[in-house]
Amino acid sequence: MEIAYLNGDWLAPDAAKISIFDRGFMFGDAVYEVLPVYQGRIFTEVPHLERLARSLAEVRIAPPLTMAEWSALLGEAVDRSQEADALIYIQVSRGVSMPRSHVYGDGAPTVLVTVTPFQGPTIETAPQLRVKTAEDFRWLRADIKVTSLIANGMIKNQAIAEGYDDAIMIRDGKVTEGTSSNVFIVKDEVIKTPPKSERLLHGITRDEMIETARELGYSVTESAFGLEEMLAADEVWLSATGLELAPVVGINGEPIGRGEQGPVWREVFEAYQTRKRVIE
Ligand code: PDD
């Protein structure tokens, strides 16, 4: 059952209401997190909560809860939802400023947690993505998980309007990330992903996939690459919490490798299926 927690109250999601003066609405002045739940257990809770704490600190929103309180709240949310497989969204805005002002007020942050039923992909249902490349015109702090996703939405929806599934963004000749995912390429069984910087989100799934691939014996490097190197790759993947790891089979109308799911993707994807059900 879908469920929402808003500032202390448990509600049906469509019954939860916030002020029109909430800075999340007025200014996009908010951060968020998305956590996966498998078999009633939150996977990678600690890194997600650490990233939330970092996002809040970077934008100077006072942390509304301690790590232990977040953990207890999320546990209660999952219990109340009675869902085994779900996505938890946490949204924290700077709260209400009235009258509207760019200057921060001293109101308490708005805290929203939702639990939504969600089934992760399988080898059979994993999407085979055809994407385009696009100029990354977002702000220069893409490492902070802010709810202001207008640029990501513009770039993704332009790609969809042109008949693609999504876009991979490029800034200054270097691949940054997908519109809501991180990017991996594979060449001669060596896996590469752009290094962490302020230009891309430090994806939790990205870290998990790096570890999973290394445990399988693959060499994984975190180094920059451009369009040419990506087009010449044997495999390209996108990683994100709900997506897990999805093969990109075409870019800008050109096939990647043989234009189908690759063997390295299959191996890492399958190992991750075990990992997500075993590791705390
Ligand atoms: N998006 N890059 C961007 C821009 C993202 O929005 C996301 C996740 C990622 C992958 O991060 P992670 O592996 O921690 O999920 C990378 C989430 C899922 C969303 O917006 O719903």
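Let's start at Arg199, which is partly exposed because its relative accessibility is 33% (buried means under 20% relative accessible area, exposed over 50%, partly exposed in between, with a 1.4 Å probe and protein chains only). The model is predicted, so local features need pLDDT of at least 70 and side-chain atom pairs pLDDT 80 or more, while totals for chains, interfaces and linings use all residues. Residues are numbered from 1 along each chain as its sequence is written, and side-chain values use heavy atoms, leaving out hydrogens and water.

Arg199 meets Asp172 in a salt bridge of 2.8 Å, N to O (a side-chain nitrogen of Lys or Arg within 4 Å of a carboxyl oxygen of Asp or Glu). The two partners come from distant parts of the chain, 27 residues apart: Asp172 sits in the loop between β8 (166-171) and β9 (174-178), and Arg199 in the loop between β11 (190-193) and α5 (204-215). Helices (H or I, at least four residues) and strands (E, at least two) are DSSP runs, numbered from the N terminus. Asp172 is exposed, at 58% relative accessibility.

## Salt bridges elsewhere

The whole structure holds 23 salt bridges. One of them joins Arg275 and Glu208 at 2.6 Å, N to O. Because Arg275 lies in helix α7 and Glu208 in helix α5, this pair ties together parts 67 residues apart in sequence. Arg275 is buried, with a relative accessible area of 7%, and Glu208 is buried at 10%.

Arg23 and Asp29 form another salt bridge, with their closest N and O atoms 2.8 Å apart; both residues are buried. There is also a network of salt bridges linking Arg54, Glu58, Arg141, Asp143 and Glu198.

## The nonpolar core

The largest nonpolar core has 25 residues, and Trp70, Leu74, Ile88, Ile90 and Val113 have the most contacts inside it. Here a core is a set of buried Ala, Val, Leu, Ile, Met, Phe, Trp, Tyr and Cys residues joined through side-chain atoms within 4.5 Å. Elements giving two or more residues to this core include β1 (3-6), β3 (30-38) and α2 (45-58). Helix α3 gives the most, with five residues.

Phe137, Ile150 and Met154 make a nonpolar surface patch of about 340 Å². Such patches take residues with over 30% relative accessible area and no salt bridge, joining nonpolar side chains (Val, Leu, Ile, Met, Phe, Trp, Tyr) within 5 Å and like charges within 9 Å; areas come from the Shrake-Rupley method with a 1.4 Å probe, and for residues only the protein chains shown count as cover. Ile150 belongs to helix α4 (residues 150-161) and is exposed, with a relative accessible area of 65%.
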